[in-house]
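Trainee: I would like to learn how to read the features of a structure one at a time. Please give the general idea before the case.

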Amino acid sequence: MMAVLVFCLQTIQITCVLNPMLGHEYEGEIGTGGSQKRRSLWWGAGPAGLYAAIAAAKRGHDVVVYEKGKHAGGNFYTASIPPCKGEITDFIVWQTEQCRQLGVEIKYETEATAQFLKEAGMDTVILATGSNPVVPPVPGLAGNEKVCFARDLLEGRVKPGNECVVIGGGQVGAETAHFLAQLLRKVTVIEMTGVIAADAALAVNWHLIDCLEKRKVKMQTDATVTEITDEGVVYRDKSGELHTVPADTIVVAAGYRANNPLEDALKDSGIEVKVVGDAVRARKVMHAIREGFDAGRSV
């Protein structure tokens with residue numbers, strides 16, 4: 001009998017979260033002089049918006065970025081706050097420094113409107129308005145003073161109590177639970193699927209689970225939150241039994257939804273409009289950066 005060994009070869013493209021050119025070198029450099037100089041306006045100073053601004057400025061265009069917040073980075077800034085993730089800020093600093101060197105002005109704490117964008121006299125508007133947290137349709141959640149979003153907690157706008165429940169056990173929820181546990185809070189994570197941090201890379205997942213276990217974070221999987229009461233968070237386990245977890249702080253980490261309020265309002269303005277990053281659909285930062293880069297080099 002002859003043994004046959006079969007090798008299956010699969011082409012895997014090399015990519016980088018922070019460098020959109022890696023694996024795309026064959027596309028050539030950004031280049032200059034290939035298009036007429038244009039006045040462009042960006043709304044949103046997250047990774048997608050700033051990479052678009054950098055690419056367009058390298059093409060020789062005049063670019064202004066408007067950001068409604070006090071800092072650059074968007075949700076990527078928030079992602080730098082949980083334990084072991086501070087190096088993310090290096091990339092945000094690099095982007096803002098690139099903008100400074102290229103003459104891109106970033107105007108913070110400025111809320112853009114459709115009317116403002118139409119009157120700005122720009123040839124191109126790129127909407128990199130990011131995403132907003134999803135609010136689950138749970139009775140007792142909306143308007144509850146005990147409830148906050150993960151990013152509000154991480155960015156210091158909310159002071160957590162001693163008993164914290166995190167609704168949502170994806171990577172954001174797990175990292176928020178780790179952050180709270182390091183503050184010596186009693187933490188419970190409630191996740192409707194069977195896995196905590198399933199959306200995280202494997203190495204990140206292992207590290208997170210290990211940290212949560214060491215800090216005695218209770219991880220309740222296969223659980224569905226049914227109600228928020230004065231006593232705490234009520235959830236149903238996979239057997240159908242109801243349980244209540246006491247909580248004085250309830251953190252919602254149930255995902256994100258695209259925030260794009262201006263595209264339709266600008267369609268008939270005669271301005272070239274491009275939408276990039278989470279404003280298209282909430283995804284990983286790699287997708288946002290690549291879309292921003294492609295949009296900027298196409299202007």
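Trainee: Leaving aside neighbours within four places in sequence, which residues is Phe-76 in contact with?

Mentor: This is a predicted model, in which local features need pLDDT of at least 70, side-chain atom pairs count only at pLDDT 80 or more, and totals for chains, interfaces and linings use all residues. Residues are numbered from 1 along each chain as its sequence is written, and side-chain values use heavy atoms, with hydrogens and water left out. Contact means heavy atoms within 4.5 Å. With neighbours within four places in sequence set aside, Phe-76 is in contact with Leu-18, Pro-47, Ile-88, Phe-91, Ile-92 and Val-285.

Trainee: Which residues have the most contacts inside the largest nonpolar core?

Mentor: In soluble globular proteins, nonpolar side chains tend to be buried together. A nonpolar core is a set of buried Ala, Val, Leu, Ile, Met, Phe, Trp, Tyr and Cys residues joined through side-chain atoms within 4.5 Å. Buried means under 20% relative accessible area, exposed over 50%, and partly exposed in between (1.4 Å probe, protein chains only). Here the largest core has 33 residues, and those with the most contacts inside it are Trp-42, Leu-50, Val-63, Val-65, Phe-76, Val-104 and Ile-126.

Trainee: Which helices and strands each supply at least two residues of this core?

Mentor: Helices (H or I, at least four residues) and strands (E, at least two) are DSSP runs, numbered from the N terminus. At least two core residues come from each of helix H1 (47-58), strand E2 (62-66), H2, H3 and helix H9 (285-298). H1 gives the largest share, nine residues. A second, separate core has 19 residues, including Cys-148, Leu-153, Leu-180 and Val-187.

Trainee: Is Gly-49 buried or exposed?

Mentor: Gly-49 has 0% relative accessibility and therefore counts as buried. Its place is in helix H1. Not counting residues up to four places away in sequence, Gly-49 touches Trp-42, Gly-44 and Ala-128. Lys-37 is twelve residues from Gly-49 along the chain, and their C-alpha atoms are separated by 19 Å.

Trainee: In what order do the five strands of the open sheet run?

Mentor: Strands of a sheet pair through backbone hydrogen bonds, either parallel or antiparallel. Two strands count as paired if DSSP finds at least two bridges between them. In this model the order is E6-E13-E7-E8-E9, with parallel pairing. Strand E6 (147-149) and strand E9 (218-220) are the edge strands, each pairing on one side only. On average, neighbouring strands of this sheet are turned by 20° against each other, direction ignored. For such angles, axes are lines fitted to C-alpha atoms, for helices over the stretch in contact, and angles run from 0 to 180 degrees between N-to-C directions.

Trainee: Over how many bridges do strand E7 and strand E13 pair?

Mentor: Strand E7 (residues 163-167) and strand E13 (residues 249-252) pair over four bridges in the parallel sense. Val-166 has Val-251 as its bridge partner in E13.

Trainee: How many salt bridges does the count come to?

Mentor: A salt bridge is a side-chain nitrogen of Lys or Arg within 4 Å of a carboxyl oxygen of Asp or Glu. By this rule there are eight. One of them joins Glu-175 and Lys-85, whose closest N and O atoms are 3.1 Å apart. This pair links distant parts of the chain, 90 residues apart: Glu-175 is in helix H6 (residues 171-182), and Lys-85 is in the loop between helix H2 (75-79) and helix H3 (88-101). Glu-175 is buried at 9% relative accessibility, and Lys-85 is buried at 18%.

Trainee: Where do Glu-97 and Arg-100 lie?

Mentor: Both are in helix H3, three residues apart, about one turn of the helix. Glu-97 is partly exposed at 29%, whereas Arg-100 is exposed at 57%. Another salt bridge, between Asp-210 and Lys-214, has its closest N and O atoms 3.2 Å apart. Asp-152, Glu-155 and Arg-157 are linked in a network of salt bridges.
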